Amino acid sequence: MPLARQVFDRTESMNGPQTISCTTFNILAPIYKRLGGGMRESDFYASWHSRNVSILDRLLHLKSSVICLQEFWVGNEELVKMYEKRLGDAGYLTYKLARTNNRGDGLLTAIHESKFRVLNYRELLFNDIGDRVAQVLHVELCGNVSQTGVIKKQNEALFINTHLIFPHNSRYCFLRLQQVIH
């Protein structure tokens with residue numbers, strides 16, 4: 001479960017250069033985390049709860065402009081509320097999307113309100129054998145107005161969060177390519 005963080009220093013706001021960062025993390029939904037003996041982490045509240053509190057602590061410590069999570073356990077209302085509350089309290093707008101066919105997990109994308117204004121949001125349902133989905137957020141960088149009130153050149157970006165099917169064997173490689181092109 002590697003956590004990836006990319007930092008971009010190419011934007012400018014009314015206060016000078018602005019740093020933008022994006023963190024993406026497959027957090028392994030507790031319904032999929034095997035503990036041995038046929039048990040899953042989702043069977044043990046203390047285990048999945050403490051692991052997700054630690055994940056949130058780390059994400060909030062990083063203070064990324066954008067957070068893209070995969071294998072987010074959308075089927076657990078308590079976990080969803082925990083993420084929405086803590087990220088919301090830290091200034092993030094959150095968007096979640098369940099995989100098709102009630103798989104129990106999905107995506108969560110969080111955009112920091114101080115950095116971006118969301119212009120458009122789309123959900124893509126691949127309806128493939130992996131029941132994959134994607135989120136597309138069209139955003140505008142905040143701070144595009146100079147101190148004199150003149151609108152600066154617009155800085156817009158697209159953030160796409162998806163979780164491609166795992167290539168269990170070579171047959172899945174073509175399906176992954178189709179998901180990327182979709």
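A residue counts as buried when its relative accessible area is under 20%.

**Figure 1. Overview of the protein.** The model shown is predicted. Buried residues make up 42% of the 182 residues. The secondary structure comprises 3 helices and 10 strands. Read from the N terminus, the elements run β-β-β-β-α-β-α-β-β-β-β-β-α. Take the contacts between residues at least 6 apart in sequence: 58% of these join residues at least 24 apart. The protein exposes about 10300 Å². Carbon and sulfur atoms supply 54% of that area.

**Figure 2. The aromatic pair F72 and Y83.** The whole structure holds 5 aromatic pairs. In this one, the ring centres of F72 and Y83 lie 5.0 Å apart. Their planes stand at 85 degrees, so the pair is edge-to-face; planes over 60 degrees apart count that way. The pair links distant parts of the chain. F72 sits in strand β5, which covers residues 66-72. Y83 sits in helix α2, which covers residues 77-89. F72 has a relative accessible area of 0%, so F72 is buried. Y83 is buried too, at 0% relative accessibility.

**Figure 3. The aromatic pair F116 and F159.** Here the ring centres of F116 and F159 are 5.4 Å apart. The planes meet at 75 degrees, so this pair is edge-to-face. Again, distant parts of the chain are linked. F116 belongs to strand β8, residues 116-125. F159 belongs to strand β10, residues 156-162. F116 is buried, with a relative accessible area of 4%. F159 is buried at 14%.

**Figure 4. An aromatic cluster.** Y45, W48 and W73 form a cluster. Ring pairs link the three residues.

**Figure 5. The salt bridge between R86 and D57.** The count of salt bridges comes to 9. In this view, R86 bridges to D57. Their closest N and O atoms are 2.6 Å apart. The bridge links distant parts of the chain, 29 residues apart. R86 lies in helix α2, while D57 lies in helix α1, residues 45-62. R86 is partly exposed, at 27% relative accessibility. D57 is partly exposed as well, with a relative accessible area of 39%.

Figure 6. The side chains of E77 and K81 meet in a salt bridge, with 2.9 Å from N to O. Both residues lie in helix α2. They are 4 residues apart, about one turn of the helix. Is E77 buried or exposed? E77 has a relative accessible area of 55%, so E77 is exposed. K81 reaches 49% and counts as partly exposed.

**Figure 7. The salt bridge between E84 and K96.** E84 and K96 join through their side chains, at 3.4 Å from N to O. E84 lies in helix α2 and K96 in strand β6, residues 92-98. The pair therefore ties together parts that are 12 residues apart in sequence. E84 counts as partly exposed, at 30% relative accessibility. K96 also counts as partly exposed, at 38%.

**Figure 8. A network of salt bridges.** This view takes in K33, E41 and R51. Salt bridges link these residues in a network.

**Figure 9. E71, a buried residue with no salt bridge.** E71 is found in strand β5. E71 is buried, yet has no salt bridge. Which side chain of opposite charge is nearest to E71? That side chain is R132, 5.6 Å away. A salt bridge needs a side-chain nitrogen of Lys or Arg within 4 Å of a carboxyl oxygen of Asp or Glu. Which residues does E71 contact, leaving aside its neighbours within four places in sequence? The contacts are N26, I27, L28, A29, Y32, D105, G106 and H163.

Definitions and conventions:
Residues numbered from 1 in each chain as written. Predicted model: local features only at pLDDT ≥ 70, side-chain atom pairs only at ≥ 80, totals over all residues. Heavy atoms only, no water. Phe/Tyr/Trp six-rings, centres within 6.5 Å; stacked < 30°, edge-to-face > 60°. Helix = DSSP H or I, 4+ residues; strand = E, 2+ residues; numbered from the N terminus. Buried < 20%, exposed > 50% of the residue type's maximum accessible area, 1.4 Å probe, protein only. Lys, Arg positive; Asp, Glu negative; His and termini not counted. Contact = heavy atoms within 4.5 Å. Areas by Shrake-Rupley, 256 points an atom, 1.4 Å probe, with all protein chains shown as cover.
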